[in-house]
Amino acid sequence: MNQPDTLQRFLFDGVPVRGALVRIDGAWQQVVSRHNYPAAVRQVLGQMIAASSLLAANLKFDGTLIMQLHGKGALRLAVAECTSERTVRATARFDADIPDAPLAELLGEGGTFVMTLEPKEGEAWQGIVALEGDSIAQMLENYMRRSEQLDTKLILACNDDTAAGLLLQRLPDGHGDAEGWPHVLALAETLQQDELLSLGADDILYRLYHQDAVRVFDPQQVSFACNCSPERVGDMLKLLGGQEAGEVVLEQGSIEIGCEYCGQRYVFDEDDLNQLFDFDVVAAVREARH
């Protein structure tokens with residue numbers, strides 16, 4: 001059965017390998033409907049959303065996994081997030097004339113890959129490495145091998161309707177045949193991108209591993225959600241400071257801030273700022289000018 005917006009985890013009984021399949025349809029369409037992303041950017045963000053969902057699937061924590069590509073070429077920044085509740089969002093910054101080119105060319109030389117684990121309680125953890133690889137999948141495989149010492153295989157695919165991916169990881173200590181990793185990999189590499197985008201998890205697992213003992217866990221739903229709010233924008237304005245915020249309101253009448261992820265607009269006028277900072281910010285700016 002082809003279930004949309006679903007993450008499916010699985011475990012091999014005869015080989016120390018775990019895996020996950022994800023198919024994101026409606027949630028991915030929510031992302032692309034909010035921005036007029038060029039084709040090259042859509043490919044990057046779709047693959048990153050699928051990858052972030054797959055990597056977050058094996059984390060035992062309450063919070064958010066944030067994946068960032070920082071480039072020095074036409075693609076300046078690409079971000080995908082997945083929470084422990086399986087909600088996703090993504091955004092990108094890029095040059096207006098970004099070409100439809102290979103990923104390495106889009107990012108340019110000297111870019112970095114950043115992985116952040118942001119728990120709801122406690123301190124965040126962050127890993128930063130140089131970009132290494134010609135695709136999102138290769139970059140993440142290299143990152144996992146270097147930073148986590150986990151042999152990882154990722155197959156990612158994306159079109160305008162669907163973002164999908166397959167993750168396989170060799171467990172450091174496990175049951176079964178420790179030499180079975182090449183067998184699992186070889187079968188995975190026969191999976192075509194159109195199959196990944198069109199087939200359900202059950203069909204893919206049967207197509208690849210019907211001769212292996214695979215334990216399948218309950219599927220989990222994936223959805224789009226953004227955690228922006230007036231309170232979060234207010235906190236950002238507090239970092240800007242009452243003087244600077246008051247200057248903008250005095251000149252423009254209000255401050256309007258748009259969420260880069262969902263496009264929601266937040267408008268703060270003079271009364272809003274006075275309540276936020278607990279003093280008359282515009283009057284303070286006028287007084288400072290005189």
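User: Is isoleucine 98 buried or exposed?
Analyst: Isoleucine 98 has 12% relative accessibility, so it counts as buried. Buried means under 20% relative accessible area, exposed over 50%, and partly exposed in between (1.4 Å probe, protein chains only). This is a predicted model: local features need pLDDT of at least 70, side-chain atom pairs count only at pLDDT 80 or more, and totals for chains, interfaces and linings use all residues. Residues are numbered from 1 along each chain as its sequence is written, and side-chain values use heavy atoms, with hydrogens and water left out.

User: Where is isoleucine 98?
Analyst: In the loop between β5 (87-94) and α3 (103-107). Helices (H or I, at least four residues) and strands (E, at least two) are DSSP runs, numbered from the N terminus.

User: And what is isoleucine 98 in contact with, leaving aside neighbours within four places in sequence?
Analyst: Pro38, Val41, Ala74, Leu75 and Leu106. Contact means heavy atoms within 4.5 Å. The C-alpha atoms of isoleucine 98 and alanine 74 are separated by 5.4 Å, though the two residues are 24 apart along the chain.

User: Switching to α8. Which residues of α8 are buried?
Analyst: Val233, Gly234 and Leu237. They sit on the same side of α8, because their arc around the axis is only 105 degrees. That arc is taken from the directions from the helix axis to the C-beta atoms.

User: What covers the buried residues of α8?
Analyst: The cover includes β13 (254-258), β14 (265-269) and α10.

User: Which exposed residues are on the face turned away?
Analyst: Glu231 and Leu239.
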